[in-house]
Amino acid sequence: MSLEPNQTSRRVLCVFPRYEKSFGTFDNAYPLLGVKAFMPPQGMLVIAAYLPKRWQVRFVDENVKPASDADYRWADVVMTSGMHIQRNQINAINRRAHSFGKVTVIGGPSVSGCPEHYPEFDYLHVGELGDATDTLIQLLEVSVARPHEQVRFETKERLPLADFPTPAYDMAAMDKYFLANVQFSSGCPYRCEFCDIPELYGRNPRLKTPQQILKELDAIVAGGAIGAVYFVDDNFVGNRKAALELLPHLVEWQKKNNYPVEFACEATLNIVKSPDLLALMREADFWTIFVGIETPDPAALKLISKDHNNTVPVLEAIQTLNSFGIEVVSGIIMGLDSDTVETGERILKFVAESQIPVLTINLLEALPRTPLYRRLQAAGRLNDAPGRESNVEFVLPYDQVVAMWRKTFQNAFTPEAIYERFSYQQKNTYPHRVQPPPSGKANLRNMLRGFTTLAKLMWIVGVKSDYRRVFWKMARPALRELDIEDIIHVSLVSHHLISFAREAARGAQNAAFYSPELKAQTA
């Protein structure tokens, strides 16, 4: 959208709410790596780039630093976004903006799924970027006075992803994030019972062009991103033909730029049926794939409408991915209707056999706008009582499920167990990766950061921790090989996993990572 010269300029404060500490955001690793947050908020950066060019936009990610009173006083409009787990922080931003007399706008996944959670906001933007966005902008051009009652805009015609602007990475301090991120597609063809993606974003994946992705990667590297770039697509292979068309462009870009980053993505396990695609992913330097395995029980997969995981033997599929140099990160859910008292032990057996280092083992949470939510609601099995770890009334007794989760989680992430699984990856996965020229990452900034991180790890883990012997068993041979990158990766991730598991064992962390019920003090 562009403004005519006589149109009004506005000052827009885009505030992204902080997350509470969680397993999947690797908070315990931040002080060691010198970063402040997990990933930049892709949606807010797209909005910041989409607003009229004559508007002044100020972006603040409160995971990096809090918005100041001066930011709120400066603004004509305050915009925010976020997920259900950020609900308390989102509403706190609204209250603060109103205390300064500012009009407020909320968009994004949480309000699109549950508009009723945000009754005090002035404007609700429900749905993706599109005609509702343009109507909202036109209204704000006319007035930034607060309306007498809440106004809702709902997207009827989505903007094609091919017309999306490059996210405003220049507004984000990219070197303050654990990961950078890009989005190639939106939507997923599958209908897993617990997932809200198909209802929010559709089942027919919509796509950006390869040229858009390369332009975004250039902006990410120019912004100072420090390592991996995560494709936040709901399913990277939701459209396999499109993924196959994109990958040669990524390979060419990596070679042209001496492999300045490595890639990661989310995909369904049946990706292993496409070895040609995996070969290209290896050549493009994909290091990690997050796979929603959910449960090692084939019957349970069928019950939660994830039968596509049964089309390939799970352990064989993981080994196939490893053979292409790709480390698997897995989602595991406990509290399914099919769970028994032996579920925890079966999961631990699977963890040991699969040799997956990082698994998000969490309790089932029923998200709005999912088949699961509607089924449990009809059965009277939703429970939002304060203090609960999940909003699901499990088939097994609640206390038994929580205790089983806590025991399983703690045992999966003992220092010995996690380092043993990483040792397997060092021997059986990492050697299959491409060996890019060192010049791509070996700039002065990265070298200084690497040596600083290594020194911190040596002191905090190698000297002060109670599992230092386990650390040195891994680190000594790697040091002899000058394999500094492996030492940093393994010990950094392990430090977070071990620390979080111990916090969870004390009851200081949530068992359902998607639950808005927070252990820590909220804003």
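In what order do the six strands of the open sheet lie, and is their pairing parallel or antiparallel?

**View 1. The open sheet of the predicted model.** The strand order is 7-10-11-12-13-14, with parallel pairing; strands are DSSP E runs of at least two residues, numbered from the N terminus, and two of them pair if DSSP finds at least two bridges between them. Strand 7 (180-182) and strand 14 (358-363) are the edges: each has a single partner strand, so one side of each lacks a neighbour in the sheet. From one strand to the next the twist averages 20 degrees (axes are lines fitted to C-alpha atoms, for helices over the stretch in contact; angles run from 0 to 180 degrees between N-to-C directions). The model is predicted: local features need pLDDT of at least 70 and side-chain atom pairs pLDDT 80 or more, whereas totals for chains, interfaces and linings use all residues. Residues are numbered from 1 along each chain as its sequence is written, and side-chain values use heavy atoms, without hydrogens and water.

**View 2. Strands 10 and 11, with helix 13 on the sheet.** Four bridges join strand 10 (residues 228-231) to strand 11 (residues 262-266) in the parallel sense. Phe231 has Cys265 of strand 11 as its bridge partner. Helix 13 (residues 343-354) packs on the sheet and touches strand 12 (286-294), strand 13 (327-334) and strand 14 (contact: heavy atoms within 4.5 Å; helices: DSSP H or I runs of at least four residues). The directions of helix 13 and strand 13 make an angle of about 175 degrees.

View 3. The loop between strand 3 (77-81) and helix 4 (87-99) contains His84. His84 is buried, at 13% relative accessible area (buried: under 20%; exposed: over 50%; partly exposed: in between; 1.4 Å probe, protein chains only).
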